[in-house]
Amino acid sequence: MKIVLIRDQFTDKSTIGKLYIDNLFYCHTLEDVVRNEKIKHETAIPYGKYELVVNWSNRFKRQMPLLINVPNFEGIRIHSGNTDKDTSGCILLGETRSKDFIGQSRLAYNRFLKDLQTALKTGKVFIEIIK
């Protein structure tokens, strides 16, 4: 499974992008603002390639995707949510999008979690975040 996130809409509140799996559009994403200087709970993670695992989240009390070895960040997850208020550096997934908002997030997240868990049975999975 090849996962690529392309960030394409930047505002003063959020960063919206598109998630591709195996070169096919999969869903929309919402993250915090891309910044040169990190502001805790208000900054998107750096561009790069990160390993994805699924493990227990103490905060959410369930199994969730986690990005491994993100420089200067900890606990970066992929989960559901609709606006920048729902993310602290994490990547939110949604089926629809508008300015600073993604919709049908639980639907997109549940589908992604199932597909990711299936892919992890056959090996490591990475997400690459690009412009």
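Okay, one definition before we start: buried means under 20% relative accessible area, exposed means over 50%, and partly exposed is in between, with a 1.4 Å probe and protein chains only. By that rule Tyr-26 is buried, with a relative accessible area of 11%.

Quick housekeeping. This is a predicted model, so local features need pLDDT of at least 70 and side-chain atom pairs count only at pLDDT 80 or more, while totals for chains, interfaces and linings use all residues. Residues are numbered from 1 along each chain as its sequence is written, and side-chain values use heavy atoms, with hydrogens and water left out.

Now, the rings. A pair of aromatic rings is described by the distance of the centres and the angle of the planes. The rule here takes rings of Phe, Tyr and Trp (its six-membered ring) with centres within 6.5 Å; planes under 30 degrees apart are stacked, over 60 edge-to-face, and the rest tilted. That gives 2 aromatic pairs. One joins Tyr-20 and Phe-25: the centres are 6.0 Å apart and the planes sit at 75°, so we call the pair edge-to-face. Tyr-20 is partly exposed at 24% relative accessible area, and Phe-25 is partly exposed too, at 43%. Then there's Tyr-26 with Phe-112, also edge-to-face, at 6.2 Å centre to centre and 75° between the planes. That pair links distant parts of the chain, with Tyr-26 in strand S3 (residues 24-31) and Phe-112 in helix H1 (residues 105-120), 86 residues apart. Phe-112 is buried, with a relative accessible area of 0%.

Staying with Tyr-26, what lies over its face? That's Arg-111, at 4.0 Å from the ring centre. The test for a charge over a ring is NZ of Lys or CZ of Arg within 6 Å of the ring centre and within 35 degrees of the ring normal. The charged end of Lys-38 sits over a ring as well, that of Phe-73, 4.1 Å from its centre.

On to pockets. We use a 1 Å grid over the protein atoms alone, and a pocket is an open set of points with protein on both sides within 12 Å along at least five of seven lines; a cavity is a set where a 1.4 Å probe fits but cannot get out, and lining residues have an atom within 4 Å of a point. Points are joined across faces, edges and corners, and the volume is the space filled by probe spheres set on them. The largest pocket holds about 300 Å³. Its lining has 17 residues, and those nearest the centre are His-41, Glu-74, Gly-75, Ile-76 and Ser-88.

His-41 is in the loop between S3 and strand S4 (48-57), and it's partly exposed at 48%.

Ile-76 comes back too, through Gly-89. Leaving aside neighbours within four places in sequence, Gly-89 is in contact (heavy atoms within 4.5 Å) with Asp-32, Thr-43, Ile-45 and Ile-76. Gly-89 lies in the loop between strand S6 (78-79) and strand S7 (91-94). Buried or exposed? Buried, with a relative accessible area of 0%.

How values were computed. Helices (H or I, at least four residues) and strands (E, at least two) are DSSP runs, numbered from the N terminus.
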